[in-house]
Amino acid sequence: MPTRNSSDVIVVGAGVVGAACAYYAARSGLSVTVIDRGPVAGGTTGAGEGNLLVSDKAPGPELELALLSTRLWRELSAELPARIEFEAKGGLVVASDDAGTAALRDFAAAQTKAGVQADEVPAALLRELEPHLSPALAGGFHYPQDAQVQPALAAAHLLRASGARVRTGEEVTAILTGPGGEVRGVRTPAGDVHAPYVVNAAGTWGGELARLADSFLPVLPRRGFVLVTEPLPRVVRHKVYAADYVADVASGSAALQTSAVVEGTPAGPVLIGASRERVGFDRSLSVEVLRRLAEGATALFPVLAKARAIRTYAGFRPYLPDHLPAIGADPGVPGLLHACGHEGAGIGLAPATGLIVARLMTGERPPMDIRPFLPGRFASAV
């Protein structure tokens with residue numbers, strides 16, 4: 001029988017990925033304890049915009065994972081409270097010239113074959129979707145499957161719905177193993193917690209947690225800033241971003257990259273991104289990044305030049321070098337499963353990740369081919 005210090009599975013990480021793992025594990029009949037050294041959604045999740053995107057993903061394993069998650073998020077939106085602010089508002093990707101539009105057309109054609117709905121929008125019709133868009137744009141594509149949630153609320157309500165025992169403010173300092181190297185639980189300053197399964201959903205700290213088990217995941221933090229405007233009337237209806245955002249997402253460069261990403265929220269503020277750079281865990285405010293974000297946003301929506309930015313925040317995306325998350329059993333530590341390294345897509349990919357992890361623990365068949373995500377692909381790098 002589960003006790004305060006024992007359960008069937010321990011999930012390390014109370015962000016949205018950890019919350020989804022807890023939710024689907026509990027639905028599968030497992031007792032769950034979630035442990036985080038900070039608060040719920042205190043890491044990458046709390047610094048995210050809540051994007052649930054298929055529009056930025058090329059055909060391949062990540063897009064398959066995103067399409068599965070898209071279906072699961074719609075199911076969850078009917079089960080969780082409306083306070084998670086799920087909006088199936090769609091995305092709009094725009095180009096500034098004919099060459100950019102042609103590139104978007106080729107990208108969308110490949111996505112369509114993989115199950116994505118992408119509808120071309122000529123320049124003359126862009127402002128029917130977004131009345132405040134710049135008239136200088138050359139065209140774009142509408143992605144009705146894109147959506148958004150409020151990420152911290154989504155994580156909190158997933159955890160509440162799971163019924164998991166949640167222990168915040170406790171740092172995992174060791175992975176407990178048995179004589180055969182199998183997982184037996186974790187150690188925290190508050191004492192040992194026992195379980196035959198441990199799920200590494202520690203986000204940017206996923207590599208550190210893997211090292212506690214003498215395993216290896218090359219997770220690195222990739223910093224990003226978000227500008228937040230004062231509450232406004234609904235001047236931005238969709239998630240709108242410039243075509244170069246797709247290339248930035250796929251880039252492995254450590255250097256600063258910025259691309260215009262703009263979206264409204266039900267509460268009124270407009271969120272403006274996106275930036276990417278690998279600078280460790282440095283949270284220093286970068287005026288240059290903020291200048292670029294504001295410049296990109298006003299190029300898409302000139303009306304925002306009159307809006308006040310009331311705050312900014314930084315977060316760290318958990319980056320893996322091949323841009324695919326690590327999902328599945330550790331190759332050398334029985335009972336340890338990884339669910340981290342989603343970079344900036346973790347909120348969107350969380351439900352599919354949680355469902356996969358739950359099925360692996362219960363011996364059921366995963367809902368899709370998970371071989372591209374298996375953590376063992378990094379073993380040769382040790």
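**Entry 1: a loop residue.** I started with His-323, which lies in the loop between strand 17 (309–319) and strand 18. The phi of His-323 is near 65°, a positive value in a residue other than glycine.

**Entry 2: ground rules.** I noted that this is a predicted model, in which local features need pLDDT of at least 70 and side-chain atom pairs count only at pLDDT 80 or more, while totals for chains, interfaces and linings use all residues. Residues are numbered from 1 along each chain as its sequence is written, and side-chain values use heavy atoms, with hydrogens and water left out.

**Entry 3: who touches His-323?** Setting aside residues up to four places away in sequence, Glu-62 touches Lys-57, His-323, Leu-324, Ala-345, Leu-349 and Phe-373; contact means heavy atoms within 4.5 Å. Glu-62 and Ala-345 are 283 residues apart along the chain, and I found their C-alpha atoms separated by 9.4 Å. Glu-62 is buried, at 19% relative accessible area. The cut-offs I use are under 20% for buried, over 50% for exposed and partly exposed in between, with a 1.4 Å probe and protein chains only.

**Entry 4: helix 2 itself.** I then looked at the whole of helix 2, residues 61–79. Its 19 residues reach 27 Å from the first C-alpha to the last, close to the 27 Å expected at 1.5 Å a residue; the expected span is 1.5 Å times one less than the number of residues. Which elements do the buried residues of helix 2 pack against? I listed helix 1 (16–27), strand 3 (51–52), helix 5 (151–162), strand 18 (326–329) and helix 9 (346–362). Among the buried residues of helix 2 are Leu-63, Leu-67, Trp-73 and Leu-76.

**Entry 5: Thr-70.** I picked out Thr-70, also in helix 2, and saw that Thr-70 is buried, with a relative accessible area of 11%. Leaving aside neighbours within four places in sequence, Thr-70 is in contact with Val-54 and Gln-145.

Entry 6: I went back to phi values and found Glu-343, which has a positive phi of about 50° although it is not a glycine. Glu-343 sits in the loop between strand 19 (336–340) and helix 9, and counts as buried at 8% relative accessibility. I also noted a cis peptide bond joining Gly-273 and Ala-274, with omega about 0°; Ala-274 lies in strand 16 (residues 270–276).

**Entry 7: stepping back.** I counted nine helices and 19 strands in the chain. The radius of gyration is 21 Å, close to the 21 Å that the globule rule gives for 382 residues, so the chain is as compact as a globular protein of that length. That radius is taken over C-alpha atoms, and the rule is 2.2 Å times the number of residues to the power 0.38. The C-alpha atoms fill a box of roughly 65 × 40 × 40 Å along the principal axes. Of the 382 residues, 56% count as buried. Of the contacts with a separation of 6 or more, 74% come from residues 24 or more positions apart.

Technical notes:
Helices (H or I, at least four residues) and strands (E, at least two) are DSSP runs, numbered from the N terminus.
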